[in-house]
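Subject: Structure handover

Hello,

Here is the structure for you to look over. My notes follow below it.

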Amino acid sequence: MTRTLRWRRLADSAALRLALLWAGLSFGVAFVATPAKFLAPTLTLPVALDVGRQTFRLYNHVELGLSLVAVLLALSATTRRRHALGFAVPILLVLIQALWLMPALDARTLLIQAGQPAPPSHLHAVYIAVEAVKILALLAAAAFVSARTRNLSASRGHAWMTMPPLESA
């Protein structure tokens with residue numbers, strides 16, 4: 001096996017792990033840690049909002065870094081286009097969060113922390129929906145990359161059945 005092919009297969013494997021790690025991080029931050037902090041009876045709303053704002057700001061930076069790694073792995077993978085398409089939706093959603101959703105949520109949080117009334121908003125519901133779609137897209141990307149990697153690992157025949165080489169007469 002050539003060195004380049006080995007590197008590309010390593011990129012395939014790393015892309016699978018990245019997608020699963022990213023999905024797990026997103027689930028943990030958005031659907032476990034954040035709701036849990038609001039269950040603490042001694043944590044006031046302004047403090048909880050400040051902790052949440054800092055958490056999501058930091059996590060958004062982490063996700064931008066994960067997006068960069070995903071792009072680099074896609075460029076190095078055996079099937080670049082398939083990997084790029086697999087990570088396109090999560091990367092697009094992270095950019096939407098970074099450029100529009102997080103600043104809008106930050107402004108709303110700062111109003112509440114300052115004691116001013118904030119107008120009704122669906123931004124938190126939008127954020128939850130974006131996170132859910134992102135996690136599903138990452139799991140789909142993991143399945144996609146995994147299936148493609150299994151198909152490439154079979155030397156002959158289909159991925160589920162390896163055919164022995166024909167004997168020379």
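Partly exposed here means a relative accessible area between the two cut-offs: under 20% is buried, and over 50% is exposed. V71 has 37%, so V71 counts as partly exposed. V71 sits in helix 2. From V71 to A15 the C-alpha distance is 9.5 Å. In sequence, V71 and A15 are 56 residues apart.

Please keep in mind that this is a predicted model.

**Confidence**

The mean pLDDT of the protein is 85. A score of at least 70 is reached by 86% of the residues. Among the elements, helix 2 (residues 45–76) has the highest mean pLDDT, at 92. The lowest mean belongs to helix 4 (residues 123–153), at 83. Over residues 151–159 the pLDDT is below 50. That stretch still has 12 contacts in the model beyond near neighbours in sequence. Where pLDDT is low, the predicted coordinates should not be read in detail.

**Overall layout**

The protein has 4 helices and 0 strands. Along the sequence the pattern reads α-α-α-α. There are 169 residues, and 33% of them count as buried. Consider the contacts with a separation of 6 or more: 77% of these join residues 24 or more positions apart.

**How the helices pack**

Two packed helices are described by the angle between their axes and the distance between the axes. I take the pairs in turn.

*Helix 1 and helix 2.* The angle is about 170 degrees. The axes are 10 Å apart. An angle over 145 degrees counts as roughly antiparallel, so helix 1 and helix 2 are roughly antiparallel to each other. Their contact has 18 nonpolar, 6 polar and 3 charged residues.

*Helix 2 and helix 3.* Here the axes are 9 Å apart, at an angle of about 160 degrees. Helix 2 and helix 3 are therefore roughly antiparallel too. The crossing of helix 2 with helix 3 is left-handed. By class, the residues of this contact divide into 18 nonpolar, 6 polar and 6 charged.

*Helix 1 and helix 3.* Helix 1 covers residues 3–37, and helix 3 covers residues 80–113. Angles under 35 degrees count as roughly parallel, so helix 1 and helix 3 are roughly parallel. Their crossing is left-handed. From helix 1, the residues in the contact are R8, D12, A15, L18, A19 and W22. From helix 3, they are R80, H83, F87, P90, I91 and V94. This contact has 8 nonpolar, 1 polar and 3 charged residues.

**Residues in helix 2**

*S67.* Buried or exposed? S67 is buried, because its relative accessibility is 6% and the cut-off is under 20%. S67 lies in helix 2. Leaving aside neighbours within four places in sequence, S67 is in contact with W22, I91 and V94. S67 and A88 are 9.2 Å apart, C-alpha to C-alpha. In sequence they are 21 residues apart.

*L49.* L49 is in helix 2. Its relative accessible area is 13%, so L49 is buried. Which residues does L49 contact, leaving aside its neighbours within four places in sequence? They are F38, T109, I112 and Q113. L49 and T109 are 60 residues apart in sequence. In space, their C-alpha atoms are 6.5 Å apart.

*R53.* R53 is in helix 2 as well. At 15% relative accessibility, R53 counts as buried. With neighbours within four places in sequence left aside, R53 is in contact with D106, T109, L110 and Q113. T109 and Q113 are listed for L49 and for R53.

Best wishes

Conventions. Residues numbered from 1 in each chain as written. Predicted model: local features only at pLDDT ≥ 70, side-chain atom pairs only at ≥ 80, totals over all residues. Heavy atoms only, no water. Axes fitted to C-alpha atoms, helices over the stretch in contact; angles between N-to-C directions. Helix = DSSP H or I, 4+ residues; strand = E, 2+ residues; numbered from the N terminus. Parallel < 35°, antiparallel > 145°, perpendicular 65-115°, else oblique. Left-handed = near helix turned anticlockwise from the far one by under 90°. Contact = heavy atoms within 4.5 Å. Nonpolar A, V, L, I, M, F, W, Y, C, P; charged D, E, K, R; others polar. pLDDT = per-residue confidence, 0-100. Buried < 20%, exposed > 50% of the residue type's maximum accessible area, 1.4 Å probe, protein only.
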